[in-house]
Amino acid sequence: MSETNRQFELRQLLKAYRKGLISDALFEEQLREIDSGVDATGETPAVATAATEVRSPEPPPRVWTCGSRQFDSERGMLVHFIDEFRAGEAFGAEAFALWAEVSTDPRLRGGLHAVREREDAHARLLAARLSDLGAAPRAELPAQFRETARTKLRSREIRDADKVRAFLERLPEGEAAVQPILDVLAQIERDHETCALLEEILVDEIATLKWFEETATRLGVGRAAAAEAVPAATNGRAQAGDDAAGLRTGL
Ligand SMILES: [Fe+2]
């Protein structure tokens, strides 16, 4: 009850009392109601109710995250992630093919062909899912990154072992390399088809990682050897920056 209303009601009450229209008991009861802000029906006045509602905090709206980006829907997050992942896998297929053409190690060449096929399949599956979700492919890896990677991977001057080491240096160790996929999977509640697709691709990505780790060990450039050979300041993981978020670049 506003102060103006309260004063008005008090005046009306006093007027009625002075004229003898209400008893002492009713006067006192009405006076208490006006003072307490509760009307004769026992309900709290609307003004007081509105004030209570203003004080009640609204729950924050749900957000979905992908890296540093936030989305207001699961679909928005998935369209963004699938498109970026697709672009990385497509370039991965191209890059591994370039490497396989110049590799002098038969075991490495065989593995690279298998990895290239997986990357290519992932790119096609992700593009198809993007289309199902009503979105067009837009993402591309930065042009300079692609050109630098092509130059290095098709080089006959750079040893296979050094290319393997450089690949692993750019990735976080172990499961952290696939964390971007795990983070998205953990947020999916409605799109079960995309969820299953990403889970299957995840299995392949882990297989690719495992093969690279084993190859690095065979060639004597495993993580332990790489850590000794490469100064910390120039370690690839410290430089990863925008050119690689785990396997999302396809490399
Ligand atoms: Fe990949």
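Reader: How many helices and strands are there in the protein chain?
Author: The protein chain has 11 helices and two strands. This is a predicted model, so everything here is read from predicted coordinates.

Reader: In what order do the elements run from the N terminus on?
Author: The order is α-α-α-β-β-α-α-α-α-α-α-α-α.

Reader: What is the mean pLDDT of the protein chain?
Author: The mean is 83, and 73% of the residues reach 70 or more.

Reader: And where does pLDDT stay under 50?
Author: Over residues 229-247. The model has 29 contacts beyond four places in sequence for that stretch. Where pLDDT is low, the predicted coordinates should not be read in detail.

Reader: Noted. What share of the residues count as buried?
Author: Of the 251 residues in the protein chain, 24% count as buried. As for contacts with a separation of 6 or more, 73% of them are between residues 24 or more positions apart.

Reader: On to packing. At what angle do H4 and H5 pack?
Author: Helix H4, residues 74-102, packs with H5 at about 155 degrees, and their axes are 8 Å apart. Angles over 145 degrees count as roughly antiparallel, so H4 and H5 are roughly antiparallel to each other. Their crossing is left-handed. The contact of H4 with H5 has 15 nonpolar, three polar and eight charged residues.

Reader: What about H5 and H9, how do they cross?
Author: Helix H5 covers residues 106-132, and its axis comes within 11 Å of that of H9, with a crossing of roughly 160 degrees. H5 and H9 are therefore roughly antiparallel to each other, and H5 passes H9 in a left-handed crossing.

Reader: Which residues meet there?
Author: From H5, the residues are Leu 108, Gly 111, Val 115, Arg 118, His 122, Leu 125 and Arg 129. In H9 they meet Thr 194, Leu 197, Ile 201, Asp 204, Thr 208, Trp 211 and Thr 215. By class, the contact of H5 with H9 splits into six nonpolar, five polar and three charged residues.

Reader: H7 and H9 pack as well. Are they oblique or roughly antiparallel, and why?
Author: Oblique. Helix H7 (residues 160-169) and helix H9 (residues 192-218) pack at about 135 degrees, with axes 10 Å apart. Roughly antiparallel needs an angle over 145, so H7 and H9 count as oblique to each other. The crossing of H7 and H9 is left-handed.

Reader: Which residues make the contact?
Author: H7 supplies Val 164, Arg 165, Phe 167 and Leu 168, and H9 supplies Phe 212, Thr 215 and Ala 216. The residues of the contact of H7 with H9 comprise five nonpolar, one polar and one charged.

Reader: Last one. Is Gly 134 buried or exposed?
Author: Exposed, because Gly 134 has 8 C-beta neighbours inside 10 Å. Gly 134 sits in the loop between H5 and helix H6 (143-153). Gly 134 and Val 79 are 8.9 Å apart, C-alpha to C-alpha, and 55 residues apart in sequence.

Definitions and conventions: Residues are numbered from 1 along each chain as its sequence is written. This is a predicted model: local features need pLDDT of at least 70, side-chain atom pairs count only at pLDDT 80 or more; totals for chains, interfaces and linings use all residues. pLDDT is the predictor's confidence in each residue, from 0 to 100. Two residues are in contact if their C-beta atoms, placed from the backbone, lie within 7 Å. Axes are lines fitted to C-alpha atoms, for helices over the stretch in contact, and angles run from 0 to 180 degrees between N-to-C directions. Helices (H or I, at least four residues) and strands (E, at least two) are DSSP runs, numbered from the N terminus. Angles under 35 degrees count as roughly parallel, over 145 as roughly antiparallel, 65 to 115 as roughly perpendicular and the rest as oblique. A crossing is left-handed if the near helix is turned anticlockwise from the far one by less than a right angle, and right-handed if clockwise. Ala, Val, Leu, Ile, Met, Phe, Trp, Tyr, Cys and Pro count as nonpolar, Asp, Glu, Lys and Arg as charged, and the others, Gly among them, as polar. A residue is buried if 20 or more other C-beta atoms lie within 10 Å of its own, exposed if 12 or fewer, and partly exposed in between; C-beta atoms are placed from the backbone.
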